[in-house]
Amino acid sequence: MCPSCRSQKPLMKNGTYVRKSDRKSLIRYKCPACKITMSETFFSIDYRFRKRSINQLTFRALCSGVSQRRCGFLVDIKPIGIARRVVRFGNCAAFNLDAYRNTRPKATVVQIDEMESFEHTKCKPLTMPIAVEQGTRKILSLRVGSIAAKGKLAEISRAKYGRRLCQRKACLQEVLKEISSCFLANGIIKSDESNHYPKPIARAFPDATHQRFKGKRGCVTGQGEMKRGGYDPIFTLNHSYAMFRDNLKTLSRRTWCTCKRPDRLQSLMYMYAWFHNLWLERKKRPVHLDWSIITN
Ligand SMILES: [Zn+2]
């Protein structure tokens, strides 16, 4: 498909050229409809990134608890270079996750819950609903949205930053809509006893069984996500949350690397979700972010 005019006609080959930096021969393509030309790198994840060799290392480092600034320091590029890669990699991971949902066998048991974090200050909390397949621990869908501050901070938050948009319901509905492509209509959905879940779940999956479990107190190891004592019915989910907290620097507790923009946090979370799924599947292969899944 042509990226400029969206014409469905197949692109024509239009010669080759040699890339200066690594002497690699690349093909140019031409759109038969609008005559625009582009090289094959246009469809690759490193299009117009000068230091292509650091991309996979950056992806792995950002998904392994390294902050963006420190990652820039380690691979010797400016923080803006890392920030640009976060956007590109996040989009790529979101596309890959979508393709994965549409091609994988349907899940029978899915666990859904929300994790909370904040942008800039605790007065601006964020909600992050995530859907995980029970057993395999594969992450199926996620979102990041703003919510209003609770408790003592609610008044301070309103006075300082005004009324805050609550996207809790919309985010949850989007997650439920997304997993409909990879979830059996009469399967089981597990969650905690929050009052926000029964209605949207019943509306999205009228034939599914919704099981609710009482939340337990957190233990220190998982920093609140892993639960204290005995059997945890939504262990798969809590374990995945603990891994998000451990492997994304912005989500770790008591950090000074706080999130500044929710959309960037969502990109990072997509990156981690895809990294997590690849990691579970890797079978001794290195974890590699692949753009080709999208273009094929
Ligand atoms: Zn075109």
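1. Let's start with a term: a residue is buried when its relative accessible area is under 20%, exposed when that area is over 50%, and partly exposed in between (1.4 Å probe, protein chains only).

2. Before going on, a word on what you're looking at. This is a predicted model, where local features need pLDDT of at least 70 and side-chain atom pairs count only at pLDDT 80 or more, while totals for chains, interfaces and linings use all residues. Residues are numbered from 1 along each chain as its sequence is written, and side-chain values use heavy atoms, with hydrogens and water left out.

3. Back to Glu 119, which has a salt-bridge partner in Arg 164, with 2.9 Å between the closest N and O atoms. (A salt bridge here is a side-chain nitrogen of Lys or Arg within 4 Å of a carboxyl oxygen of Asp or Glu.) Arg 164 sits in the loop between helix H4 (153-161) and H5, and Glu 119 in the loop between S4 and S5, so the pair ties together parts 45 residues apart in sequence. Helices (H or I, at least four residues) and strands (E, at least two) are DSSP runs, numbered from the N terminus. Arg 164 itself counts as partly exposed, because its relative accessibility is 21%.

4. Next, have a look at Arg 168 and Glu 114, another salt bridge, whose closest N and O atoms are 3.0 Å apart. Since Arg 168 belongs to helix H5 (residues 168-179) and Glu 114 to strand S4, this pair ties together parts 54 residues apart in sequence. Arg 168 counts as buried, with 13% relative accessibility, and Glu 114 is buried with a relative accessible area of 13%.

5. Which residue does Glu 133 meet in a salt bridge? The partner is Arg 104, at 3.0 Å from N to O. Glu 133 is in strand S5 (residues 125-133) and Arg 104 is in the loop between helix H3 (79-103) and strand S4 (107-118), so distant parts of the chain, 29 residues apart, are linked. Both residues, Glu 133 and Arg 104, are buried.

6. There's also a network of salt bridges, and it links Asp 98, Arg 101, Arg 143, Glu 174 and Glu 178. The structure holds 14 salt bridges.

7. Finally, a residue in strand S4 to click on: Ser 117. Ser 117 is buried, at a relative accessible area of 12%. Setting aside neighbours within four places in sequence, Ser 117 is in contact (heavy atoms within 4.5 Å) with Pro 125, Leu 126, Met 128, Thr 250 and Leu 251.
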